[in-house]
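Biologist: I'd like to learn how to read a model like this one, feature by feature. Could you take me through it?

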Amino acid sequence: MQIAYGDDETVEARRERVVAMIRERRGADLVVLPELWPHGGFAYREWTDRAEPVDGPTITAVAEVAAQIGAAVHAGSIIERDGDDLWNTSVLVGPDGSTLARYRKIHRFGFGAGEPKLLEAGTDLVTAVLDVAGHGPLTVGLATCYDLRFPEMFRGLLDAGAELVLVPAAWPAARVHHWTLLSRARAIEDQLVVVAVNTAGTHAGTEMGGRSVVVGPSGEVLGEAGTGEEALVVEIDPAEPAAARERFPVLQDRRLP
């Protein structure tokens with residue numbers, strides 16, 4: 001779900017609006033939200049005041065609606081407060097509302113300002129297993145926005161068994177062509193599905209790029225959003241990554257770790 005927002009909407013109002021949008025996705029197996037949609041991807045000055053724990057109001061509300069519609073929901077990410085530290089943390093919730101995985105963003109964007117100045121860096125690659133009807137277990141890797149520029153991270157997720165990687169983002173319009181290219185590159189080089197969900201609208205003086213995209217393991221674009229708020233619905237064949245790797249077994253020729 002590509003969420004658009006500006007500076008005139010409160011965190012509480014946005015949370016209520018997005019939860020209502022998730023509720024409309026009844027029948028989906030998986031719903032994915034963008035990075036930092038509650039607190040503002042570029043609203044650095046507001047992060048300290050808006051931060052909340054993982055069991056705070058945002059993830060609690062997402063977990064409740066996930067259980068209501070019976071779908072797994074990637075809650076995008078929040079500014080997580082843990083003691084005195086802040087993190088850019090994403091949470092994957094199961095269709096029963098339970099937490100399947102939590103990922104703290106490893107690569108912080110800002111070149112010494114923004115995220116590196118305000119947030120701690122995650123250290124762990126994270127995967128989770130979704131039970132897909134008619135297919136069985138599907139291993140999902142978690143990444144966030146700027147992580148898309150670091151192919152070694154996606155190779156690590158591949159080695160951890162990932163067949164699909166979820167990438168929530170607040171990627172600006174100024175570099176949206178990088179977003180599209182890198183999403184396809186990560187899918188092609190690791191022969192997996194990339195679900196890259198961006199933000200729309202303009203906040204904190206920064207225009208967001210939109211263009212959320214789902215890319216198959218051979219680089220085919222399975223669905224792409226425009227630049228505004230949009231619920232992009234895409235059907236994914238969970239067996240396709242394995243089939244693609246069998247048809248074109250390039251990963252067998254790896255020589256370097």
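Biologist: What covers the buried residues of helix 1?

Modeller: First the ground rules: this is a predicted model, where local features need pLDDT of at least 70, side-chain atom pairs count only at pLDDT 80 or more, and totals for chains, interfaces and linings use all residues. Residues are numbered from 1 along each chain as its sequence is written, and side-chain values use heavy atoms, with hydrogens and water left out. Now the cover: it includes helix 2 (47–50), helix 3 (57–69) and strand 2 (72–82). Contact here means heavy atoms within 4.5 Å. Helices (H or I, at least four residues) and strands (E, at least two) are DSSP runs, numbered from the N terminus.

Biologist: Which residues of helix 1 are buried?

Modeller: Val11, Arg14, Arg15, Val18, Val19, Met21 and Ile22. Buried means under 20% relative accessible area, exposed over 50%, and partly exposed in between (1.4 Å probe, protein chains only). Looking down the axis of helix 1, you find those buried residues within an arc of 155°, so they line one face. The arc is taken from the directions from the helix axis to the C-beta atoms. On the other side of helix 1, Glu12 and Glu16 are exposed.

Biologist: Why would residues spaced along a helix point the same way?

Modeller: An α-helix has 3.6 residues a turn, so residues three or four places apart point the same way.

Biologist: How do I check a helix's length, say for helix 6?

Modeller: Compare its end-to-end distance with the expected span, which is 1.5 Å times one less than its number of residues. Helix 6 (residues 176–190) has 15 residues and should span 21 Å; its end C-alpha atoms are 22 Å apart, which agrees. Its buried residues are Val176, Trp179, Leu182, Ser183, Arg186, Ala187 and Asp190. They fall within an arc of 130° seen down the axis of helix 6, so they line one face, while His177 and Leu181 are exposed on the other side. The buried residues pack against helix 5 (151–159), strand 7 (164–168), strand 8 (193–197), strand 11 and helix 7 (240–247).

Biologist: On to sheets. In what order do the four strands of the open sheet come?

Modeller: The order is 1-2-3-4, with mixed pairing. Two strands pair if DSSP finds at least two bridges between them. Strand 1 (30–32) and strand 4 (99–104) are at the edges with a single partner strand each, so one side of each has no neighbour in the sheet. From one strand to the next, the twist averages 30°. Strand 1 and strand 2 pair in the parallel sense over three bridges, and Val32 stands opposite His74 in strand 2. Helix 3 lies across strand 2 and strand 3, at about 165° to strand 2. For that angle, axes are lines fitted to C-alpha atoms, for helices over the stretch in contact, and angles run from 0 to 180 degrees between N-to-C directions.

Biologist: What do strand 11 and strand 12 form?

Modeller: A hairpin, with five residues between them, and Gly219 in the turn has a positive phi of about 95°. Three bridges join the two antiparallel strands, and Val215 stands opposite Val221 in strand 12.

Biologist: Last one: which side chain does Ser212 join in a polar contact?

Modeller: That of Gln2, at 2.7 Å. A polar contact is a pair of N or O atoms within 3.5 Å; within protein, one must be able to donate a hydrogen and the other to accept it, and residues adjacent in sequence count only if both atoms are side-chain atoms. Ser212 is buried, with a relative accessible area of 3%, in the loop between strand 10 (206–207) and strand 11 (213–215).
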